[in-house]
Amino acid sequence: MQRHAYTYAKTALPITSHEFSTAFLKCEPPTGWRHSLAVSNSGGPDSTCLLFMIKRHIEEHSEAEPGRVVSLSINHNLQPASKAMADGAARGAAGMGVQHINKSISWNTNDFPDYPVTAAENMSRLARYQLLSAGMRDTGCRIIALGHHMDDQVETSLIRLLKNTTAYGAAGMKPVRRWGMGISEKYGSLGWTGLDGMNSWIIRPLLGFSKDRLLATCDHNKLEYVVDPTNFVPSYTLRNSIRDYLASNTKTVDVGVNFMQLRFAHSAHQSLLQEFVKQTNLPGTFSVDLRRIRETLPKGQSDFREAVRELGAQAARIDSEVDSWIQRCKTSSPIVGTFLMSGETFRRVPEQLRTHVITRILRYVSPYPWGSLRSMSKRRSDSLRIIETNLLNTSPTSTRFIAGSGVLWTPVVLRDKNFKNLSEANTRTSRYEKPVYGWLASRQRPTSAMSEADNPTIVDVTTRIRECLAKSTPNARPLVFDYLYDCRFLVRFSLSQIPADMRAALETHSLWIKGSSRSYTPVVVLKSTDGDGERVVHSAVSVDRRTLLPDEVTMTGRKDSVDARWISSIWIRHLTG
């Protein structure tokens, strides 16, 4: 059958309310549902179907959360049809009785870079996610639903395989994940979401359904949608080329693949691509015509769907097992923002899970944006193997090392609820007691070549504090200034509670945040303008309880720390999500 520019199988059935509700509820974030839920709505068939199904689910389950859905659309301003598509999304939402917010990317302005002549897809993606995050903030939403479906998942899996991913990466997109600090790798750049992203979630309830079923759902419910003409141009993106290949045997797509780097765990479904290599005796690195792969499959795309579905289930099992092992490995550390564990516990981690455990630890401790590739050593197998080898060979002769992500690994001797660096510890024990060797993962010291202006652990917040104080008025709501420090801590200044003497001092002195000498936890200091010295105002640190593992006991730093009642420094990075 055909509707608009899309064709779908006559046998495709519309998605039932029960089917959707089952899939939707499986996407509940670990923090639970909130009252308001956003939907990224392009106006196309996928997001139109998603918005309709969520609206119907909310109406049929009025006693439960979420209780409200909001439609968000982005006008990319990249083609003449952009505005028409955004207008179509608005009409579709209005027809369903859903609140709709439209935001537009204003290229060549202070907020956005110049109109992208090259890499338009990536630039528009960064801008889109930044505006979607802003739309969520404006509408009080902490969760956003995206309309990716099973065929999108197959495309994503193939793209990642072509880029030499592992079986875990080939599982594609996750049904639910924490947004993180942004898809941008650079603090404050396009696509950056910062602290907001740490408490926001992305869900994809349609990943278990094919495109045909989404189209059948739109047709059955007489839903109007718009069509993005660029989706049908194979040369526009690699994804379009793969989509065109999956839809037809007449196209040839040549790409480079290194199959020797694929690492698949044993499961009911072996990788179809790996099997293809075995059957054809192809070398490890070659240029492969994707059409030839499909011709070896008796059922075409359905086989790809089943393989990717199995890889997704396998990845979910890995995530669950890693959650469990992270909890077993982590030992309470007296230094907030570090990960302490015994070498013996790490050696018990199953071999196929070790690099996943290491990646989690890196993401937790790293000063790079949470969720970025740099926070996970870019998932480079060589770096992860170096770390794994060192952690497995814990001994009295172990030395500290760095292997990416800005994380320093220090060998230690564990003692009760504390530890000693191996280089400082006296490891002589009685014949009945053996020293327990372990590792402390902590933030790497900023390079000595880094200037003060580029050092993220040295920040002058004087101007921003003064500006906030100047805006304060009597009887106004509490005045708060939040600063995301080193991508690891939230430093909150409750300016409504600032002491009078401190307010007066800020007229002639400056206020800085510096990293402590040992662990680079934030220390707020007051500096005199004449360089006469500085005074510690606040050095106490605490932990956002949402970052704790189940049953985890946390320590909150040194007993001699200085605690200013109007300042709080809170650890905000998660081990899960």
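Predicted model: local features only at pLDDT ≥ 70, side-chain atom pairs only at ≥ 80, totals over all residues.
The chain contains 17 helices and 23 strands; helices (H or I, at least four residues) and strands (E, at least two) are DSSP runs, numbered from the N terminus. Of its 577 residues, 52% count as buried, where buried means under 20% relative accessible area, exposed over 50%, and partly exposed in between (1.4 Å probe, protein chains only). Among contacts between residues at least 6 apart in sequence, 71% join residues at least 24 apart; contact means heavy atoms within 4.5 Å.

An open sheet of 6 strands shows mixed pairing and has the order S5-S4-S3-S6-S8-S7. Two strands are taken to pair if DSSP finds at least two bridges between them. Strand S5 (99–104) and strand S7 (176–178) form the edges, each pairing on one side only. From one strand to the next, the twist averages 25°. Within this sheet, strand S3 (residues 36–40) and strand S6 (residues 143–145) run parallel and are joined by 2 bridges.

The buried residues of H1 are Phe-20, Ser-21, Ala-23 and Phe-24. Viewed down the axis of H1, these buried residues fall within an arc of 165°, so they line one face of the helix; the arc is that of the directions from the helix axis to the C-beta atoms. They pack against S3, H2 and strand S8 (201–203). The axes of H1 and helix H2 (residues 45–60) come within 10 Å and cross at roughly 90°; axes are lines fitted to C-alpha atoms, for helices over the stretch in contact, and angles run from 0 to 180 degrees between N-to-C directions. H1 is therefore roughly perpendicular to H2, given that angles under 35 degrees count as roughly parallel, over 145 as roughly antiparallel, 65 to 115 as roughly perpendicular and the rest as oblique. Ser-17, Phe-20, Ser-21, Phe-24 and Leu-25 of H1 make the contact with Leu-50, Met-53, Ile-54, Arg-56, His-57 and Glu-60 of H2. The residues of this contact of H1 with H2 comprise 6 nonpolar, 3 polar and 2 charged; Ala, Val, Leu, Ile, Met, Phe, Trp, Tyr, Cys and Pro count as nonpolar, Asp, Glu, Lys and Arg as charged, and the others, Gly among them, as polar. In the loop between H2 and strand S4 (68–75) lies Pro-66, which is joined to Glu-65 by a cis peptide bond with omega of about -5°.

A further helix pair is formed by helix H14 (residues 351–365) and helix H15 (residues 381–392), whose axes are 10 Å apart at an angle of about 105°. H14 is thus roughly perpendicular to H15. On the H14 side, Glu-351, Arg-354, Thr-355, Ile-358, Thr-359 and Leu-362 meet Leu-384, Arg-385, Ile-387, Glu-388, Leu-391 and Leu-392 in H15. The contact of H14 with H15 divides into 6 nonpolar, 2 polar and 4 charged residues. The loop between H14 and H15 holds Ser-377 and Lys-378. Ser-377 has a positive phi of about 55° although it is not a glycine, and Lys-378 likewise has a positive phi of about 55°. Ser-377 is buried, with a relative accessible area of 2%, whereas Lys-378 counts as partly exposed at 47% relative accessibility. Most residues other than glycine have a negative phi, and most peptide bonds are trans.

Strand S19 (509–515) and strand S20 (522–528) have Tyr-520 in the loop between them. S19 and S20 pair in the antiparallel sense over 7 bridges, with His-509 opposite Ser-528 in S20. The two strands form a hairpin with 6 residues between them, and Tyr-520 in the turn has a positive phi of about 60°. Tyr-520 is buried, with a relative accessible area of 12%. Not counting residues up to four places away in sequence, Tyr-520 touches Arg-443, Arg-445, Pro-446, Thr-457, Tyr-485, Arg-488, Phe-489 and Gly-515. In S20, 6 of the 7 residues are buried. S20 also runs antiparallel to strand S21 (residues 534–538), to which 4 bridges join it; the bridge partner of Val-525 in S21 is Val-536.

Note on methods
Residues numbered from 1 in each chain as written. Heavy atoms only, no water.
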